[in-house]
Amino acid sequence: MPAPHPTTALQRTRPVSVGHWRAFLAVARHLNFRAAADELALTQSAVSRQIQALEDEVGVPLFLRHTRAVELTSAGAQLQRAVVPALERMDAAVRLVRQTAGRKSVAITTWASFASTWLIPRLEAFQREHPDIDIRIDASDAQVDLDTSDVDLALRYSLPSGRVDGAERLFGEQLAVVASPWLLKSAEPVRQPTDVERFTLIEAGDAHRNQHLEWLSWRRWFAAHGCPLLQPPRWLYFNYAHQIVQAALSGQGLALARMPLIADALASGDLVEVLPGRRLDSPLAYWLLIGPRSSPRPEVQAFCAWLRAEAARTRQSVGDHGGG
């Protein structure tokens with residue numbers, strides 16, 4: 001077989017026009033050039049030329065042309081599977097850009113448990129005060145670089161030594177033993193630390209394999225209260241803090257929970273603090289980090305002011321006097 005002409009090989013390395021792909025998908029969808037032309041508001045010959053140009057770019061036939069029908073080749077079917085989701089994502093992104101053009105918005109990155117237990121329940125108040133500001137929350141454990149991303153604020157959870165320079169402390173935390181009130185009604189009163197061994201105990205599944213989460217473990221609570229060998233009848237493990245809270249709310253056992261994430265549930269009576277005098281201090285804290293390009297924008301400033309006010313209320317409700 002002769003080697004490909006150098007000019008042809010070079011041409012096939014160029015990006016293919018999006019218009020060619022749209023013509024290709026229309027023909028692949030209808031398996032008819034005339035129907036594809038009607039969909040695209042083009043002439044049938046224009047669509048045919050675009051398909052021919054695409055095949056020249058790709059280097060193989062994409063359709064088998066029969067007298068009264070069109071059929072995808074195997075290469076055409078392979079490209080159709082790849083191109084459909086790519087163009088759908090592009091179209092969705094364009095729609096989103098059009099919808100948000102000229103609108104004020106604030107994008108926040110944080111982890112899922114904090115978003116679901118602390119941030120989202122409070123957002124309605126901000127939206128009532130600022131109905132013209134759109135909010136986007138990206139909940140992920142991955143840390144986002146605010147210098148290069150399109151995210152405005154980061155809400156993070158770490159030891160003071162692990163925080164990023166410029167981060168602002170929102171509040172610290174204590175750990176408290178909590179349970180559903182109806183679970184407690186069905187059991188003997190819990191008056192001292194060893195009484196918790198009568199219940200299923202709920203905690204993070206990787207608490208003993210992660211130095212960061214070791215601070216939140218029942219093992220540490222046992223040791224602090226003089227019962228290091230205590231063993232409950234059953235353990236219930238979850239990956240995320242909001243799952244631990246949900247399990248406690250549904251009466252599945254006692255949870256050693258982070259006070260900032262359960263303060264509202266305690267205030268409403270949905271959860272009860274089992275041993276109020278037996279809280280455990282945690283060195284971990286919650287931090288706000290503002291992207292350098294975002295800080296001058298009025299909508300970002302408004303959101304941060306609201307966030308600081310909510311953080312002050314949380315500090316007051318959990319008895320955090322560590323500063324704001």
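Visitor: Does Phe 24 count as buried or exposed?
Guide: The relative accessibility of Phe 24 is 0% in this predicted model. The cut-off for burial is under 20%. Phe 24 therefore counts as buried.

Visitor: How many aromatic pairs does the structure hold?
Guide: Ring pairs join, among others, Trp 111, Phe 114 and Trp 118 in a cluster with Tyr 157, Phe 171 and Tyr 286. For the structure, the number of aromatic pairs is 20.

Visitor: How many residues apart are Phe 24 and Phe 63, which the pair links?
Guide: Phe 24 belongs to helix α2 (residues 18–30), whereas Phe 63 belongs to strand β1 (residues 63–65). Phe 63 counts as buried, at 2% relative accessibility. The pair links distant parts of the chain, and the separation of its members is 39 residues.

Visitor: What type of aromatic pair do Trp 218 and Trp 221 form?
Guide: Trp 218 is buried, at 0% relative accessible area, and Trp 221 is buried at 0% as well. Their centres are 5.3 Å apart, with 80 degrees between the planes. Because an angle over 60 degrees sets the class, the pair of Trp 218 and Trp 221 is edge-to-face.

Visitor: In which helix do Trp 218 and Trp 221 both lie?
Guide: The two residues are three apart, about one turn of the helix. The helix that holds both, spanning residues 218–224, is α9.

Visitor: Is Glu 188 buried or exposed?
Guide: Glu 188 sits in the loop between α7 (181–185) and β7 (201–204). Beyond neighbours within four places in sequence, Glu 188 is in contact with Arg 198 and Phe 199. Its relative accessible area is 55%, and the threshold is over 50%, so Glu 188 is exposed.

Visitor: How many residues of strand β9 are buried?
Guide: On one side of β9, Leu 254, Leu 256 and Arg 258 are buried, and on the other Ala 255 and Ala 257 are buried. For β9 (residues 254–258), the count of buried residues is five of five.

Visitor: Which residue of β9 is the bridge partner of Leu 175?
Guide: Strand β6 (residues 168–179) runs antiparallel to β9 and is joined to it by four bridges. β7 runs parallel to β9, with two bridges, and Ile 202 stands opposite Ala 255. The partner of Leu 175 in β9 is Arg 258.

Technical notes: Residues numbered from 1 in each chain as written. Predicted model: local features only at pLDDT ≥ 70, side-chain atom pairs only at ≥ 80, totals over all residues. Heavy atoms only, no water. Phe/Tyr/Trp six-rings, centres within 6.5 Å; stacked < 30°, edge-to-face > 60°. Buried < 20%, exposed > 50% of the residue type's maximum accessible area, 1.4 Å probe, protein only. Contact = heavy atoms within 4.5 Å. Pairing = 2+ DSSP bridges.
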